[in-house]
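Hello,

Here is the structure you asked for. My notes follow below it.

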Amino acid sequence: MQIQLENQQFASIHADALVTYIFDQDKKVDGLMGDIDSAMDGRLAALVASGEITGKALQTVLVHFPEGMDAKRLLIIGAGKVDKFATGDLRKIAGTALRYLKTRGVKKFVFLAREGERGTAAIQAVVEGLTVADFESNKYHTEKKKDQEIQSVLLAGFDGPQNLQEAIDHGRVVAESQNFARDLINEPSNRLTPRLLAAKAEAMAKEVGLGVEILDERKISELKMGALIGVAQGSVEPPRVIVLRYTPANLRPDAPVLGLVGKAVTFDTGGISIKPADRMELMKYDMGGGATMLGAMRAIAYLKPAISVIAVIPATENMPGGRAQKPGDVQVAMSGKTIEVINTDAEGRMVLADGVFYARKLGATHLIDAATLTGAIGVALANVHVGAFGTPRDYLDQFLDSAKATGEKMWPMPIDDEYREMIKSDIADIRNTGSGKGGGASTGAWFIKEFAEDTPWIHLDIASTCWVEEGRPWLAKGPTGVAIRSIVDFAMKL
Ligand code: BES
Ligand code: ZN
Ligand code: ZN
């Protein structure tokens, strides 16, 4: 799909459709809407007056062969209340337009910005919305609907003085990196084992110019990553640790080193504490945290922040094979801490234990981890917010600012000392599940913090937001690629 700037007046642009958006109280059709209305001889105002166009968020009204313009269709999207409108809404509007038009034979359309929403942040959001909306999760359909493809989008009405093209490129890189991650998350586990994930990560790294090292099972045992090995030993597929490095050209000696650690369990059966069959197929997306970090690194390679970034992605299956770890087993993590395995299905925190510790060994001064860690986070936040934990608090707050700026909903979650009490073990340093009732997302976070120690650290529990079971007007069902935009924005600002 091509996305290009267009400088012509909207009325004379040839396209299959012209898209713009209208606010809830735009009863008095004015500004750009007034211009469209005049071109159409008052027919837009008539549609508003009749109540057909209300401006309610994401309402879609399609007008065929609109008078006074060269486009074959006019699509008006509701933008909701003007005082609540934020740049992020443009992402959804642009995405909704693309998904709506794609199924209606449109190949080329114009997205027309409204007065007041024409700067670089706006155009970047539109490009992101379009690119993310264009992803489908039907990769293995052998007969694809070939007529459903948008070939080109023209961005009109953006008259910002500065580098609009740069903002377009930035938006494209971030959104394509998000789609890169979604493609990985969508892969079934027979087509994405830890070894295959490592090969894909290596190929991506070479393509974009990142340093890459893949640790195989021998290296993993040499490093004594006992927590990761404990999880991996139940599978015949060997584990891998993917290490990617980005180093900027003119590195300040005192610059921070950001460590991105992602859980990549390519399939989580639960192990000996086996999961029920119902919906177990979804556990192919248990490598979503790892894919998130791969997507973020891809974008970072193009956008070139001023700091070094290291990604550490422990990849394994969690299987109940004959050599699998069992409840009650004690494992020694790379850091030397001992772990009592109460439930083999709490495997994500174990692989992160060694991942986080190794990232610090490699020099990370600041950490972010992402993981499909707990069902409990979905109980607390449904599929609306990512659960965001972190210490110290101002480090987490800085991250939440990036989430806000990139339109990703995240909610700060508690990590008080009381939750630490719940992972005390009689036999070992810590146990891998909480002993009390409830608080499962916070005890999971505390377990990881045991290995981050005092390094500034953020933990993103994306278990309920990494995958959506129902499509949305602006997003296909399946993998979402959530958190990549926030992480990239944060890396650019750190
Ligand atoms: N991968 C799961 C968490 C998960 C659940 C991800 C639902 C996506 C959707 C994780 O490894 C897990 O099984 N967690 C357990 C932890 C428990 C045993 C302490 C859980 O949440 O039930
Ligand atoms: Zn599990
Ligand atoms: Zn898991």
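A polar contact here is a pair of N or O atoms within 3.5 Å; within protein, one must be able to donate a hydrogen and the other to accept it, and residues adjacent in sequence count only if both atoms are side-chain atoms. This is a predicted model: local features need pLDDT of at least 70, side-chain atom pairs count only at pLDDT 80 or more, and totals for chains, interfaces and linings use all residues. Residues are numbered from 1 along each chain as its sequence is written, chains are lettered from A and ligands numbered from 1 in the order in which they are written, and side-chain values use heavy atoms, with hydrogens and water left out.

Ligand 1 to begin with. A polar side-chain atom of Asp-345 lies 2.8 Å from one of the ligand 1 oxygen atoms. Lys-275 also puts a polar side-chain atom 2.9 Å from a ligand 1 oxygen. On the backbone side, a polar atom of Thr-372 is 3.4 Å from a nitrogen atom of ligand 1. The protein buries 76% of the 510 Å² that ligand 1 exposes when taken alone (Shrake-Rupley method, 1.4 Å probe). The shell holds 4 nonpolar, 5 polar and 7 charged residues (nonpolar: Ala, Val, Leu, Ile, Met, Phe, Trp, Tyr, Cys and Pro; charged: Asp, Glu, Lys and Arg; polar: the others, Gly among them).

Next, the aromatics. A search of the whole structure gives 8 aromatic pairs (ring centres of Phe, Tyr and Trp, the last by its six-membered ring, within 6.5 Å; planes under 30 degrees apart are stacked, over 60 edge-to-face, the rest tilted). Tyr-21 and Phe-85 are stacked, because their ring centres are 6.1 Å apart and their planes at 15 degrees. Tyr-21 is in strand β2 (residues 17-22) and Phe-85 in the loop between β4 (73-78) and α3 (87-102), so the pair ties together parts 64 residues apart in sequence (helices are DSSP runs of H or I, at least four residues; strands of E, at least two; numbered from the N terminus). Both Tyr-21 and Phe-85 are buried (under 20% relative accessible area; exposed is over 50%, partly exposed in between; 1.4 Å probe, protein chains only). Tyr-21, Phe-23, Phe-85 and Phe-111 make up one aromatic cluster.

Arg-114 also meets Tyr-21: its side chain reaches the Tyr-21 backbone oxygen at 2.9 Å. Arg-114 sits in the loop between β5 (108-112) and α4 (120-133). Its relative accessible area is 4%, so Arg-114 is buried.

Best wishes
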